[in-house]
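Welcome, and thank you for taking a look. Please open the structure below and keep it in view while we walk through it together.

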Amino acid sequence: MSFKKQWINALRSGKYQQHRGRLCRDDRHCCLGVGCEILVENKLLTKDDADECYLSEDGPIEGALDSRCRKLLGIDYAQHEVLIDLNDYCKYDFNKIADKLEEFGECLEAEVDSGSPVRGI
């Protein structure tokens, strides 16, 4: 099963309490933090419980995913930004966010990190 499918299932599982504005805090997660938990379970990322952040090869990840994590989870930069908006600003619940992830389909395009956020739903 792909990491993206595992992530969608985890969002729908009821296992995670939702948080906004940060990947993880006090055992609550934003939708991207749930994705990070999938990567931790698959030993592709580590979690620093003391600092409530995740550690990748490039250093700590606290509020947004690095390009490696995005690629592993099957989303591009624009989709990543949409997920932040849905979780933090539109206040979608995890079930609605899982639906959106399924709508995205598989990310086949090369990722473009222009440095300017792409916002939109």
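**A walk through the model**

Let us begin with a pair of strands: strand E5 (residues 53-56) and E6 are joined by three bridges and pair in the antiparallel sense. Helices (H or I, at least four residues) and strands (E, at least two) are DSSP runs, numbered from the N terminus, and two strands pair if DSSP finds at least two bridges between them. One of the contacts to find is at Ser56, whose bridge partner in E6 is Gly59.

Before going further, a word on what you are viewing: this is a predicted model, in which local features need pLDDT of at least 70 and side-chain atom pairs count only at pLDDT 80 or more, while totals for chains, interfaces and linings use all residues. Residues are numbered from 1 along each chain as its sequence is written, and side-chain values use heavy atoms, with hydrogens and water left out.

Now widen the view around E5.

Three strands form it in the order E1-E3-E2, and the pairing is mixed. Here the edge strands are E1 and strand E2 (24-25), each pairing on one side only. E2 and E3 run antiparallel and are joined by two bridges. In E3, Arg28 is the bridge partner of Arg25.

Next, follow the chain to helix H5 (residues 94-104). Which of the residues in H5 are buried? They are Phe94, Ile97, Ala98, Lys100, Leu101 and Phe104. Viewed down the axis of H5, these buried residues fall within an arc of 160 degrees, so they line one face of the helix. Buried means under 20% relative accessible area, exposed means over 50%, and partly exposed is in between (1.4 Å probe, protein chains only); the arc is that of the directions from the helix axis to the C-beta atoms. What do the buried residues of H5 pack against? Their partners are helix H1 (3-12), strand E1 (17-18), strand E3 (28-29), H2 and helix H4 (77-89), where contact means heavy atoms within 4.5 Å.

The two ends of H5 are worth a stop as well. At its start, a side-chain oxygen of Asp93 reaches to within 3.1 Å of the backbone nitrogen of Asn95. After H5 comes Gly105, whose phi is positive, near 70 degrees.

Now let us turn to charged side chains. Side chains of opposite charge can pair when their charged atoms come close. A salt bridge here is a side-chain nitrogen of Lys or Arg within 4 Å of a carboxyl oxygen of Asp or Glu, and by this rule the count comes to six salt bridges. In one of them, Lys5 pairs with Glu102, and the closest N and O atoms are 3.8 Å apart. Lys5 lies in helix H1 and Glu102 in helix H5, so the pair ties together parts that are 97 residues apart in sequence. Lys5 is partly exposed at 35% relative accessibility, and Glu102 is partly exposed at 39%.

Another salt bridge joins the side chains of Lys15 and Glu41 (3.7 Å, N to O). Lys15 lies in the loop between H1 and E1 and Glu41 in helix H2, so this pair ties together parts that are 26 residues apart in sequence. Lys15 is exposed, with a relative accessible area of 59%, whereas Glu41 counts as partly exposed at 44%.

Is Lys100 buried or exposed? At 18% relative accessibility, Lys100 counts as buried, while Glu103 is exposed at 60%. Salt bridges that share partners also join Lys5, Arg12, Asp99 and Glu102 into one network.

Methods:
A polar contact is a pair of N or O atoms within 3.5 Å; within protein, one must be able to donate a hydrogen and the other to accept it, and residues adjacent in sequence count only if both atoms are side-chain atoms.
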